[in-house]
Every structure is written in structure tokens, then in C-alpha cells.
Amino acid sequence: MKKLKILCLAHEDLVPPEKVPASMNFHNEDWRTEHYVVSTLRTMGHDAQVLGVRSDLGRIRGTVEEFKPDIVFNLLEEFHDQPLYDQNVVSYLELIPVAYTGCNPRGMILSRDKALARKVLMYHRIPGPDFAVFHKGRAVRRPKKLDFPLFVKSQIEEASLGISHSSIVDNEKDFLERVAFMHERHNTDVIAEEYIEGRELYVGLLGHDRLTVLPIWELVFEKMPEGTPRIATRRVKWDAKYQRKHGITSREATDLSPDLRARIEGVCRRTYRALGISGYARIDLRLRPNGEVFVIEANPNPEIAKGEDFADSAEKAGISYEALLQKILNLGLRRAG
């Protein structure tokens, strides 16, 4: 394996400490992903340097010219405090130019806008819930064909930001209140989509043209009170105490028939390609009891911390964490030629 010079781009608030004491429990730290990636790359023998970025592209160019990395490992999720601007940073990396990991700008643009992605998938006859978009500053009128219950969420935010059990509404009053709340609290346009009752599935993919589909993963709610929506709220994803209380875990979905498994994998491949994604991504789906599959959203450059869904799924496929990071690097280098 060739030893590489790697520049890891991270938000400046998420640059991990150079030395993390062995006794420190850092698994709940916001910079755990950055630490796992950087420390593992160094353990593998690569020369990995971290650059904290907030809103200055000049720092990236200056460091690239001085450090001369073989590749940039992109761990940014926002730029200038805007969640959609990270795609512009990737465009800048292409203009410099320098090789980088993860998704290309076009795939990020199409995927990050949930409404735009849904329209593209509808064109390709990829199943998804019915939806409507409600823009800030405009009158909110629910289309009659959009029936309750509805799932109300930000059109662009990720990591379940703004999602709680109150996001599921089943009447006009609650719907209007939730849309107004999201407009005011999160300052984004809102998408309201048909709520799909069923299982929450995640499928990781790696590649550009030739795709590797990782084992199908499932978010499991073992102790959730009856009648509570089984959705990935902010607390479900990030609150360890809440997870223990309600028996929330994620693991391989092992009870799917071969035909259903093949159908899910096929839908995910089509979604990945229809949205122009490259590098690696996670497709989020809902599975109804009758076997209907719905694509909820596509997530380019998903969470890759050790112990999270994507890395666990890769490990189940026989891909160690070190091998996963190397594959991500190789894909970035291959795209750059």
C-alpha cells in the first residue's frame, strides 16, 4: 500500500486533539468522527494533516500549495455556517485542482435538496412518499391530495436536525403549527411528506460506476411505547441515554427474503446513479409490512465514525475500518486519474 500525504478537511470546531488520553471516553464528543479517521489514517502509515475550516477558502489553497497532499479527505458538513455550502468547497477542490474523497458537487447538489432529489427519483420511477414543499414567507396551503399523517422536516438539514415525534402530524392544526415552527426555528424551507409506517432501513454503497452494496442495516426500536412513531429523531440518533431506555439499536436486517433483498439493493443502486452520486453514500428507506419499499433520502458522504451504521455494515461485509478508509481514498484517487 502506497503511503499518502492526506489533508483532512474538518470544521474548525471539530478538529480533534492531537493526543487523546487512552482513558478518555470520546465517543460522545462532536469530533469523534474526525478523530477516528485521522488517527486510523496515521496508524495505517499515511501522513495525515488536519485543517480546520469555517469560511476561508484561502486557507485551503494555501495549505494545499504548502503541504502538497496526494488527496484531500473531505469531512466538512458545512461552510460559512451553511449546510449546503460544503458542495461549493468540493467544487473549489476541483478547480485548484486536487483529488478528494467522497461525492462530487453535482451529486451533492441533487441529493441534499430533498425536494429536488425526490423529483429526480420520481422521473426515474423510483418509489418515494408523496410530498409538498412550503417556502418561508409564503402562505401555507396543503394540497388536498397530500393526506395525513404527514412527516414535516427541513428541506435541507441533515443529521435529523429539527426532527422529533412532533414532526409526525395527523391534522391541519398540528400541520400548520409544525410548518411555522420549522420556518421560524430553523429558517429553512419545509418539506411535508406522506408518513410511511414500517421499518427504517439504511443501505451503504461504495463506488463510482461499479458499486459495492453493503449489507442492509435496520434501526430497531425494542422498547418504544406502543403508538410512538418509529422514526430517527434527533434523540434517537444522538442521545445514548434515550437509546438505552428505549432499546434503540441498529443491526443487520437478517429476516428479508432473497427477492426483497435484491429489490432493495436494486432500488438503492438506481437511486445512487440517478442522483449522480460518487464515492460513497447511504440510502435511507422505509419498508411497509406488505413489502413496499420507499426511498426517503440519499446521503452522500454519510457519517463514517467507527461503530456507526456505515462502518458497522462494511465490517459485516468483511471490510475492516482501515480497509474502508483505504477504499474511500482509492476511489478519490481513481476519479482524479
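Predicted model: local features only at pLDDT ≥ 70, side-chain atom pairs only at ≥ 80, totals over all residues.

Trainee: Which residues of helix 10 are buried?
Mentor: Go for those under 20% relative accessible area. They are covered by elements including strand 8 (199-207), strand 10 (217-221), strand 11 (248-252), strand 12 (279-287) and helix 11 (321-336). The buried ones are Asp309, Phe310, Ala311, Ser313 and Ala314.

Trainee: On to helix 9: what reach is expected for helix 9 at 1.5 Å a residue?
Mentor: Helix 9 spans residues 258-274, which makes 17 residues. The expected span is 1.5 Å times one less than the number of residues. From first C-alpha to last, helix 9 reaches 24 Å, close to the expected 24 Å.

Trainee: What do the buried residues of helix 9 pack against?
Mentor: The buried set is Leu260, Ile264, Val267, Cys268, Thr271, Tyr272 and Ala274. Just after the helix, Gly276 takes a positive phi of about 70 degrees. As for the packing partners of those buried residues, they are helix 5 (114-123), strand 8, strand 9 (211-213), strand 12 and strand 13 (293-300).

Trainee: How many disulfides does the structure hold?
Mentor: A pair of cysteine sulfurs has to sit within 2.5 Å to count. The sulfur of Cys8 is 18 Å from the closest cysteine sulfur, in Cys103, so that is too far for a bond. Cys103 is in no disulfide either, with the nearest cysteine sulfur, that of Cys268, 15 Å away. The total is zero.

Trainee: Are Cys8 and Cys103 buried or exposed?
Mentor: The cut-off for buried is under 20% relative accessible area. Cys8 comes out at 0%, and Cys103 has 0%. That makes Cys8 buried and Cys103 buried.

Trainee: How are helix 3 and helix 4 oriented to each other?
Mentor: The axes of helix 3 (residues 86-95) and helix 4 (residues 105-112) come within 9 Å and cross at roughly 170 degrees. Angles over 145 count as roughly antiparallel. So helix 3 and helix 4 are roughly antiparallel.

Trainee: And which residues of helix 4 make that contact?
Mentor: Helix 3 brings Asp86, Gln87, Val90, Ser91 and Glu94. Across the contact of helix 3 with helix 4, the residues divide into four nonpolar, two polar and three charged. From helix 4 come Pro105, Met108, Ile109 and Arg112.

Conventions:
Residues numbered from 1 in each chain as written. Heavy atoms only, no water. Buried < 20%, exposed > 50% of the residue type's maximum accessible area, 1.4 Å probe, protein only. Helix = DSSP H or I, 4+ residues; strand = E, 2+ residues; numbered from the N terminus. Contact = heavy atoms within 4.5 Å. Axes fitted to C-alpha atoms, helices over the stretch in contact; angles between N-to-C directions. Parallel < 35°, antiparallel > 145°, perpendicular 65-115°, else oblique. Nonpolar A, V, L, I, M, F, W, Y, C, P; charged D, E, K, R; others polar.
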